[in-house]
Amino acid sequence: TRDWSSDVCSSDLNMRSPLAAGLLSLLIPGLGQIYNGRVFVGLIWLIVTGFSWIGSAGTFGWVVHLICAWFAYSYASRRN
């Protein structure tokens, strides 16, 4: 019998959907980065976005929230 697991590259297992990463970060800031395997960066984004929402009464929070989603999307795009 053939061992099919040896045919799969480890880099193929790490591929993430850019759309899913971006949408996850739109739902919860930093979740897209965690989905991409960048847990520490995701936690930093979560904290920074939370402070920007609270500190600016929501005005600057939208900007940081969208930037967070864009970075999650673009990181997943570059990795694929």
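Setting aside neighbours within four places in sequence, Pro18 is in contact with Tyr73, Ala76, Ser77 and Asn80. Pro18 lies in helix α2. Is Pro18 buried or exposed? Pro18 has a relative accessible area of 18%, so Pro18 counts as buried. Now look along the chain. Pro18 and Arg78 are 60 residues apart in sequence. Their C-alpha atoms are separated by 8.9 Å.

A word on what you are looking at. This is a predicted model. Please keep that in mind throughout.

Now the overall layout. How many helices and strands does the chain have? There are 5 helices and 0 strands. Read along the sequence, the pattern is α-α-α-α-α. The chain has 80 residues, and 29% of them count as buried. Next, contacts. Take those between residues at least 6 apart in sequence. Of these, 47% join residues at least 24 apart. Then the surface. The accessible surface of the chain comes to about 5,500 Å². Carbon and sulfur atoms account for 71% of that surface.

Back to helix α2, and to Ser25. Ser25 lies in this helix. The relative accessible area of Ser25 is 0%, so Ser25 is buried. What touches Ser25, leaving aside neighbours within four places in sequence? Among the contacts are Gly30, Leu31, Gly32 and Gln33. Further along the chain, the list also includes His65, Cys68, Ala69 and Ala72.

Next, helix α5. This helix covers residues 59-79, and Tyr75 has its place there. With a relative accessible area of 18%, Tyr75 is buried. Tyr75 and Ala21 are 54 residues apart in sequence. In space, C-alpha to C-alpha, they are 8.8 Å apart. Which residues does Tyr75 touch, not counting those up to four places away in sequence? The answer is Asn36 and Arg38. The charged end of Arg38 sits over the ring of Tyr75, 4.2 Å from the ring centre. There is another arrangement of this kind to point out. The charged end of Arg16 sits over the ring of Tyr35, at 5.4 Å from the centre of that ring.

Let us turn to aromatic pairs. A search of the whole structure finds 3 of them. One of these pairs is formed by Trp53 and Trp62, and the geometry is edge-to-face. Centre to centre, the rings are 4.9 Å apart. The angle between the planes is 70°. Why edge-to-face? Planes over 60 degrees apart count as edge-to-face. How do the two partners stand in terms of exposure? Trp53 has a relative accessible area of 27%, so Trp53 is partly exposed. Trp62 has 54% relative accessibility and therefore counts as exposed.

Now the nonpolar surface patch. What makes up this patch of about 520 Å²? The residues are Leu27, Ile28, Ile34, Val39, Leu43 and Leu46. Which helix gives the most to the patch? Helix α4, residues 39-55, does, with 3 residues. Ile28 is found in the loop between α2 and α3. Here α2 spans 18-27 and α3 spans 31-35. Ile28 has 44% relative accessibility, so Ile28 counts as partly exposed.

Stay with helix α4 for one more residue. Gly50 is found in this helix. At 28% relative accessibility, Gly50 counts as partly exposed. Gly50 and Gly61 are 11 residues apart in sequence. Their C-alpha atoms are 7.5 Å apart in space.

Where is Ser56? Ser56 has its place in the loop between α4 and α5. The relative accessible area of Ser56 is 21%, so Ser56 is partly exposed. The cut-off for buried is under 20%. Leaving aside neighbours within four places in sequence, Ser56 is in contact with Phe51 and Gly61.

To close, three things to take away. The chain has 5 helices and 0 strands. Ser25 and Tyr75 are both buried. And the nonpolar patch includes Ile28, from the loop between α2 and α3. Thank you.

Notes. Residues are numbered from 1 along each chain as its sequence is written. This is a predicted model: local features need pLDDT of at least 70, side-chain atom pairs count only at pLDDT 80 or more; totals for chains, interfaces and linings use all residues. Side-chain values use heavy atoms; hydrogens and water are left out. Helices (H or I, at least four residues) and strands (E, at least two) are DSSP runs, numbered from the N terminus. Buried means under 20% relative accessible area, exposed over 50%, partly exposed in between (1.4 Å probe, protein chains only). Contact means heavy atoms within 4.5 Å. Accessible areas come from the Shrake-Rupley method with a 1.4 Å probe; for residues, only the protein chains shown count as cover. Patches are made of residues with over 30% relative accessible area and no salt bridge: like charges are joined within 9 Å, nonpolar side chains (Val, Leu, Ile, Met, Phe, Trp, Tyr) within 5 Å. A salt bridge is a side-chain nitrogen of Lys or Arg within 4 Å of a carboxyl oxygen of Asp or Glu. Rings of Phe, Tyr and Trp (its six-membered ring) pair if their centres lie within 6.5 Å; planes under 30 degrees apart count as stacked, over 60 as edge-to-face and the rest as tilted. A charge sits over a ring if NZ of Lys or CZ of Arg is within 6 Å of the ring centre and within 35 degrees of the ring normal.
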